[in-house]
Amino acid sequence: MATQASNPPRRRRRRWLRVLLWLPVLFVAVTVAQVLVLRFIDPPTSAFMLARQAEAWGEGDWGYRVAYDWRDLDRIAPDLPMSMIAAEDQDFANHNGFDLAAIEKALDNNARGRHVRGASTISQQVAKNLFLWQGRSWVRKGLEAWYTMLIEALWPKRRILEVYVNIAEFGDGIYGAQAAARSYWRKDASRLTANEAARLAVVLPAPRRYSAVRPGPYVQRRAAWTQRQVRQLGGKAYLDGLD
């Protein structure tokens with residue numbers, strides 16, 4: 001009798017064990033499907049956009065709206081994606097999602113007690129902005145690494161860059177090249193000048209702190225440097241060489 005009474009709890013434990021064993025498989029299947037679908041379908045929003053909208057509503061700003069308007073890469077002035085590569089990830093065409101040399105340099109710099117430097121690639125930025133939340137927890141960093149590997153495995157480089165140019169935040173609630181061009185200069189993203197593109201690229205680390213339309217000395221210096229780097233990288237020819 002005691003053995004029979006203990007069977008139902010034992011079966012329940014086995015059932016829960018099977019569920020737990022299947023969870024990693026389900027996680028892999030869902031995340032692969034997410035990334036694979038967005039290779040072909042333009043994302044209607046991103047995790048960061050949703051978080052910013054929720055933040056505004058949480059502050060009682062019910063009229064707040066995110067500015068986002070997708071544009072294919074060939075309808076965006078080449079100077080903008082090139083400026084973003086020059087300013088943030090000059091090894092973009094060659095790495096597999098992680099710039100190990102930049103990571104090593106950042107770790108060494110931080111260990112010396114200097115200003116904290118990041119080493120995120122464009123692929124990592126896409127993973128974080130599109131799928132995850134802000135923060136520095138190990139869980140989020142682990143998920144960022146996982147999504148970065150999937151993106152690099154399932155998307156060509158041009159798609160990675162195209163998505164980044166469209167979901168990057170260029171100002172408070174202003175996401176993507178078209179929304180930035182319209183909000184700041186009342187023009188289409190295809191008509192951005194080299195200087196405007198460079199200014200947009202260099203505000204990305206802190207788009208709510210720096211202004212692309214009213215650049216201070218730092219943004220101006222960085223924009224000039226970025227334009228020189230774009231020329232050294234080869235400009236539009238660099239983009240044409242991406243897979």
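Predicted model: local features only at pLDDT ≥ 70, side-chain atom pairs only at ≥ 80, totals over all residues.
Let me start with Q178, which is buried, with a relative accessible area of 1%. The cut-off for buried is under 20%, so Q178 falls inside it. Q178 has its place in helix α8, residues 177-185. What does Q178 touch, leaving aside its neighbours within four places in sequence? The contacts are D69, R71, D188 and A189.

Staying with α8, which covers residues 177-185, look at W185. W185 is also buried, and its relative accessible area is 18%. The structure holds five aromatic pairs. One of them joins Y184 and W185 in an edge-to-face arrangement, with 5.7 Å from centre to centre and 75 degrees between the planes.

Next, helix α7, residues 157-167. Why is α7 described as largely enclosed by the rest of the structure? Because 10 of its 11 residues are buried. The buried residues run through K157, R159, I160, L161, E162, V163, Y164, V165, N166 and I167. You will notice that the list includes K157, R159 and E162. K157 has a further entry: it lies over the face of F92, at 4.7 Å from the ring centre.

Now a pair of helices. Two packed helices are described by the angle between their axes and the distance between the axes. Here the pair is α5, residues 122-131, and α6, residues 138-154. Their axes come within 8 Å and cross at roughly 115 degrees. Angles of 65 to 115 count as roughly perpendicular, and α5 and α6 are therefore described that way. As for handedness, α5 passes α6 in a right-handed crossing.

Which residues meet where these helices pack? From α5 there are S123, Q124, V126, A127, K128 and F131. From α6 there are R140, E144, Y147, T148, I151 and E152. In an α-helix there are 3.6 residues a turn, so residues three or four places apart point the same way. Keep that in mind when you look at the α6 side, where R140, E144, Y147, T148 and I151 are among the residues in the list.

Last, the chain overall. The protein chain has 11 helices and three strands. From the N terminus on, the order is α-α-β-α-α-α-α-α-β-β-α-α-α-α. Of the 243 residues in the protein chain, 42% are buried.

Note on methods
Residues numbered from 1 in each chain as written. Heavy atoms only, no water. Buried < 20%, exposed > 50% of the residue type's maximum accessible area, 1.4 Å probe, protein only. Helix = DSSP H or I, 4+ residues; strand = E, 2+ residues; numbered from the N terminus. Phe/Tyr/Trp six-rings, centres within 6.5 Å; stacked < 30°, edge-to-face > 60°. Lys NZ or Arg CZ within 6 Å of the ring centre and 35° of its normal. Axes fitted to C-alpha atoms, helices over the stretch in contact; angles between N-to-C directions. Parallel < 35°, antiparallel > 145°, perpendicular 65-115°, else oblique. Left-handed = near helix turned anticlockwise from the far one by under 90°. Contact = heavy atoms within 4.5 Å.
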